[in-house]
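Welcome! Please take a look at the sequence and the 3D structure shown here, and then follow the briefing below.

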Amino acid sequence: MRKEVVAAAALTAAAAITAIAALVRHRKRRKEQQWKETQKILRKFARDCATPVPKLWQVANAFVADMRSSLIASNGTNTSLNMMVSYVASLPSGDEEGMYYGVNLRRTDFLLLCARLRGKNDPISDFHREEIHIPTNLLDGTGSTKELFGFIAVELGKFVEAHPNSEMKDRPANYNKVGFIISCPVDQAVATSGTAITWKSFAADSTLGKKLVHDFNRALEEHGVKLSVYAMVDDTVGTLAGGRYYNRESVAAITLGMGTDAAYVEPADAALQWHGPSPKLGEMVISTQWGEFSTPHLPITIFDTCLDAESSNPGFRRFEKVVSGMYLGEVVRRVLLKMAKETALFGQRVVPSKLMTPYQLSSPDMAAMHQDTSDNREVVGEKLKEVFGITKSTPEVREVVAEVCDIVAERGARLAGAGILGIIKKLGRIENKRSIVTVEGGLYEHYRVFRNYLNSGVWEMLGDNHSDNVVIENSHGGSGTGALYLAASQMKDIDRSQMQDSDPDVEAKPEPEPEPEF
């Protein structure tokens, strides 16, 4: 009897061991299958995001075609672009000297800047920058443009008192120019005394037809600030002014941050939509508004399509949604969410709630994971825990996360490079002229791998014969400093005019227009 009991127990134990072994094999097979599905999603995503050189040239050529159409049609007919002429009196030449002031108006704050320029061959000195937070009542729609400008004027007056320019004392206010650049989206890239712009995403009195330059100059006068604004331009135009100050071959500027845009120098006769005074030097600055660019050649995935459909502006700003820092992390999050749902990538039955939260992953956090070179991708693990609440992840899973970041960053960077070469091709400068493109923005400046992908993509597109003809460089001085260079160029125009008016024996003659370098 005892032997029978022992035998039964042995059989039961054997059966249990067999069942456990079968369960382990089943779980192993399931994990292997889930891993295969993860790799399948990853490979398909990589194929859909691919940017071989022929495709990049398709994008660049489509961009050129849209640029040409936009220049001859003020209403953007037959083009995804609505490029805008930014009429500034002139761009810097590099020999401007003296102390200048600038304002950089952003979404929730503004920068006040001043510096002494000493010519393009010497660095700027006496540089001061102050960040001022805009009160909530001026942002939530209850404040008016007049109140906003009054607030800025008061703070600018304090800033000038703290960092005085002795040369200003005996000159009238309209002689002392302050550069003004806008980093929040607006309907037009520039406002001169005869042109009005309206806010898009800035709720400070968006009444149509508001003459912002006039309003701001009036605010300066009312608060006793002996400065005046000639033009308001977007930050990309300011970046271009900084590039031109240091090199005449600087023909374009790109902003690559949370948003993206491009500006470039165009011969004046090409911009048929401009009806104002002819620019003095035979050239105009064009703000491309390239975030709006769209073409069937863009490598759009199902994740991009869903992102666009769920955005606040579906069908618009398609180029921005695959290039700018606002959206790169969101695309990564959507890919990881699909993997978590369909392949249990993070080994949890319930998908972490933070992983389902839109825009939870910022581009800086994405960059940190992507550029992690530590053993076993430890930084990726830390970011998964910090951003999504995912406490456990294997080295293999962390590698997948880094690969998704790599695919998204490479696509965005190379497409930005294609846009740059589209501008250079439009200007006819690829084959036989050297062109400098100035890039400003955290995405380019702080995301090393993104920057490397952009540069290598441009080189691949140009080939060995022309790779030296396009030089991409960082902006000079960082955010907002373009306002200083614009102020300097405007002051130079006044100096030239004053010299002509002060000599009665010299008949004022228009300067000969130099041949534009295109």
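Lys383 is buried (under 20% relative accessible area, where over 50% is exposed and in between is partly exposed, using a 1.4 Å probe and protein chains only), because its relative accessible area is 16%. This is a predicted model, in which local features need pLDDT of at least 70 and side-chain atom pairs count only at pLDDT 80 or more, while totals for chains, interfaces and linings use all residues. Residues are numbered from 1 along each chain as its sequence is written, and side-chain values use heavy atoms, with hydrogens and water left out.

**The whole chain**

- The protein chain has 14 helices and twelve strands; helices (H or I, at least four residues) and strands (E, at least two) are DSSP runs, numbered from the N terminus.
- Of its 518 residues, 51% count as buried.
- Take the contacts (heavy atoms within 4.5 Å) between residues at least 6 apart in sequence: 72% of them join residues at least 24 apart.

**Around Lys383**

- You can find Lys383 in helix α10, which covers residues 378–388.
- Leaving aside neighbours within four places in sequence, Lys383 is in contact with Asp365, Ala368, Met369 and Phe388.

**Two packed helices**

- Two packed helices are described by the angle between their axes and the distance between the axes.
- Helix α9 (residues 363–370) and helix α11 (residues 395–426) pack at an angle of about 120°, with axes 9 Å apart. Axes are lines fitted to C-alpha atoms, for helices over the stretch in contact, and angles run from 0 to 180 degrees between N-to-C directions.
- That angle is why α9 and α11 are oblique to each other: under 35 degrees counts as roughly parallel, over 145 as roughly antiparallel, 65 to 115 as roughly perpendicular and the rest as oblique.
- Where do they meet? Met366, Met369 and His370 in α9 meet Val401, Ala402, Cys405, Asp406, Val408 and Ala409 in α11.
- The residues of this contact divide into seven nonpolar, one polar and one charged. Here Ala, Val, Leu, Ile, Met, Phe, Trp, Tyr, Cys and Pro count as nonpolar, Asp, Glu, Lys and Arg as charged, and the others, Gly among them, as polar.

**The two sides of α6**

- In helix α6 (residues 302–309), Phe303, Asp304, Leu307 and Asp308 are buried.
- These four lie on the same side of α6 because they cover an arc of only 135° around the axis, taken from the directions from the helix axis to the C-beta atoms.
- On the other side of α6, Ile302 and Ala309 are exposed.
- An α-helix has 3.6 residues a turn, so residues three or four places apart point the same way.

**Positive phi in two loops**

- Most residues other than glycine have a negative phi.
- Ala344 is not a glycine, yet it has a positive phi of about 50°. Ala344 sits in the loop between α8 (325–343) and α9, and is partly exposed, with a relative accessible area of 26%.
- Asn376 also has a positive phi, near 60°, and is found in the loop between α9 and α10.

- Leu220 lies in helix α4 (residues 212–222) and, at 0% relative accessibility, counts as buried.
- Leu220 and Val154 are 66 residues apart in sequence and 7.9 Å apart in space, C-alpha to C-alpha.
- Asp122, in the loop between β3 (109–118) and β4 (125–133), counts as partly exposed at 39% relative accessibility.
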